[in-house]
Amino acid sequence: GKTTPETRRAPFILITGVPGSGKTTLADALAARIDARRLDVGALCAAEGFHGAYVEAMDTHELREDALLDRMEEVLCEREAHGEACVVDYHSCELFPERWFDLVVALTLVEHTSELYERLEARGYGEKKIRENVECDIFQVVVEEAKDSYETVWVRSNATLDDMENTVEEIARWVESRT
Ligand code: ADP
Ligand code: MN
């Protein structure tokens, strides 16, 4: 089957942004707030083997993209069948079909670069990988990718827990306004 905005009873929301932007933390808080299911794509990749070979030059793993997308469609269709809302998070978004999401929220720390730097350092990332991700956020690579790929994109700063709470409440109000 295929999930579409027309057939879903509850919304599917994608949280995107560079690693360390706070996607997983915000997505968990949002799912608790609006009583939605969660789909952490990075965790799914790790758990079900959608990461392929390690690519040393990029300090990252290849992605078995077709297999991942098939699996995600399966999971999302099941949630649609149960009338469940779903909050998905991933550091990229252009690989997903547009019909999967009713709202895309792109998180950024563009005016708080040192905070992003510290989060990635705390995660144990190497200097080069930290710099690449911080630059990616400064140049709004994921934000532009989201705007190019989806109609409804909100861009929100996520430097503090206050920022996160405000965004969660804003999304919750949007969800409530649809029903
Ligand atoms: P991502 O999933 O985008 O890689 P995480 O949600 O794992 O990011 O968050 C990365 C780190 O930043 C974690 O240590 C988390 O506790 C912290 N963090 C996340 N969101 C915020 C926020 N809004 N304010 C302060 N710290 C945050
Ligand atoms: Mn995450």
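Q: Is Asp-35 buried or exposed in this predicted model?
A: The structure is a predicted model, in which local features need pLDDT of at least 70, side-chain atom pairs count only at pLDDT 80 or more, and totals for chains, interfaces and linings use all residues. Residues are numbered from 1 along each chain as its sequence is written, while chains are lettered from A and ligands numbered from 1 in the order in which they are written. A residue is buried if 20 or more other C-beta atoms, placed from the backbone, lie within 10 Å of its own, exposed if 12 or fewer, and partly exposed in between. Because Asp-35 has 10 C-beta neighbours inside 10 Å, Asp-35 counts as exposed.

Q: Where is Asp-35 placed?
A: Asp-35 is not a glycine, although its phi is positive, at about 60°. Helices (H or I, at least four residues) and strands (E, at least two) are DSSP runs numbered from the N terminus, and on that numbering Asp-35 lies in the loop between helix 1 and strand 2.

Q: How far apart are the end C-alpha atoms of helix 1?
A: The expected span of a helix is 1.5 Å times one less than its number of residues. The 12 residues of helix 1 (residues 23-34) should therefore span 16 Å, and this agrees with the separation of its end C-alpha atoms, 16 Å.

Q: What arc do the buried residues of helix 1 cover around the axis?
A: The buried residues of helix 1 are Lys-23, Leu-26, Ala-27, Leu-30 and Ala-31. They lie on the same side of helix 1, because the arc that they cover around the axis, taken from the directions from the helix axis to the C-beta atoms, is only 135°.

Q: Which residues touch the most other members of the largest nonpolar core?
A: A nonpolar core is a set of buried Ala, Val, Leu, Ile, Met, Phe, Trp, Tyr and Cys residues joined through C-beta atoms within 7 Å. Among the 38 residues of the largest such core, the ones that touch the most other members are Val-87 and Val-104.

Q: Which residues come nearest to ligand 1?
A: A residue is near a molecule if its C-beta atom, placed from the backbone, lies within 6 Å of it. Of the 14 residues around ligand 1, those that come nearest are Gly-22, Lys-23, Thr-24, Thr-25 and Met-164.

Q: Where is Gln-140 placed?
A: Gln-140 is partly exposed, because 16 other C-beta atoms lie within 10 Å. Although Gln-140 is not a glycine, its phi is positive, at about 55°, and its place is in the loop between helix 5 (127-138) and helix 6.
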